[in-house]
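Dear colleague,

Please read them alongside the coordinates.

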Amino acid sequence: MDNSIFNFCAGPAMLPREVMQQAQQEFLDWQGLGCSVMEVSHRSPEYIAMAKEAEQDLRELLSISDDYAVLFMHAGGRGQFFSIPMNLMPQGGVADHVVTGSWSRGAVKECQKYGQAKVVTDITYQGNNRGIAPQSEWQLSDNAAYLHYCPNETVEGVEFDYVPQVDAPLVADMSSCILSRQINVNDFGLIYAGAQKNIGPSGLAIVIVRKDLLGKARSDTPSIFDYQQQFKLDSMLNTPPTYAWYLAGLVFKWLKAQGGVAAVEEKNIAKAKLLYDFIDECDFYENRVVKHYRSRMNVPFYLADEALNDKFLQESKQAGLLALKGHRMVGGMRASIYNAMPIEGVKALTQFMADFAKKNG
Ligand SMILES: *Cc1c(COP(=O)(O)O)cnc(C)c1O
């Protein structure tokens, strides 16, 4: 790995260098067992101890109380789009959905297969900029099994700067913002996240669910997606994604060594400020999100002259700044600056952007 290369991919995203180095070091011989962690039984005492410790570290990082179960599930973030209605929505029930971008819209589509997914608000523009309609305008149902929202929309770069206050249990897709800022878990009925942005390899999903919401799954819920069953069996009803779980554990330890979520949040604020301030000050670039809904994790931006997009991408790549192409649905550029991105990466990016603007402006 080269120190001067920075990967801005939205996901799977870069992981902390120290974590990757440790994984490399113990790749062939984990805990002196003479084989990789990938090659040991998930029922072995060594693996179980590691798995429990990972959960414990996550509980510490987010101050998760005993009222909540922490599950390590299969099928990534999207796997929860159907698991949530199957587990939480009674037959013929309704679930409220806040749509602020692509991911929260994706959750609606999947939920509709199991019951009524009511869209209580849809993406709103404030002028030319993307924003979020105030909660007072949401058309909430009286009897929703839960309200689903996505605190950070990875594609559009729109992030809530508050936690909605509703009567129904709050369900949050934190795939691209978990562990990036302090939260109060008690505000939520369920938090979930695909791992590949801020936690580890793809395929794994973390689910943090209030225990009183367990045991309500539809009878046709596949066992491995049944929260209650997985809770009872410590997320090992079948073989879990063992390597992803292990790597997630290393990332949790790394986060604790960084000073925990509060310390990492400070760094994330500084990184985002550096990049947005630069974009706002330079006429050559533009971000199209209302200021207080701008994401700290995913920063989409456009060149004033979009004919230069290919050139920008080519030259940024040559400069060691990888994966800046925006999502195909919104175009332009996007810099994802998750926990693992050091501020040096953002400095290198703004420096490159300034040089590029000067040469091509
Ligand atoms: C990436 C992402 C997902 C999907 O994750 P997969 O593991 O690919 O299913 C869902 N929601 C959000 C907000 C994401 O950023």
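**The contact between the two domains**

Between domain 1 and domain 2 the count of salt bridges is zero, a salt bridge being a side-chain nitrogen of Lys or Arg within 4 Å of a carboxyl oxygen of Asp or Glu. This is a predicted model, in which local features need pLDDT of at least 70 and side-chain atom pairs count only at pLDDT 80 or more, while totals for chains, interfaces and linings use all residues. Residues are numbered from 1 along each chain as its sequence is written, and side-chain values use heavy atoms, with hydrogens and water left out.

The protein chain is divided into domain 1 (31-257) and domain 2 (259-360), with bounds that come from an automatic or database domain assignment, and the C-alpha centres of the two lie 27 Å apart. In contact (heavy atoms within 4.5 Å) are 31 residues of domain 1 and 26 residues of domain 2.

The area buried between domain 1 and domain 2 is about 2400 Å², with carbon and sulfur atoms giving 54% of it; buried area here is the accessible area (1.4 Å probe) that two parts lose on being put together, summed over both.

On the side of domain 1 that touches domain 2, α2 (45-62), β6 (129-131), β9 (158-159) and α6 (242-257) each supply at least two residues, helices (H or I, at least four residues) and strands (E, at least two) being DSSP runs numbered from the N terminus. The largest share of that side, four residues, comes from α6.

With regards
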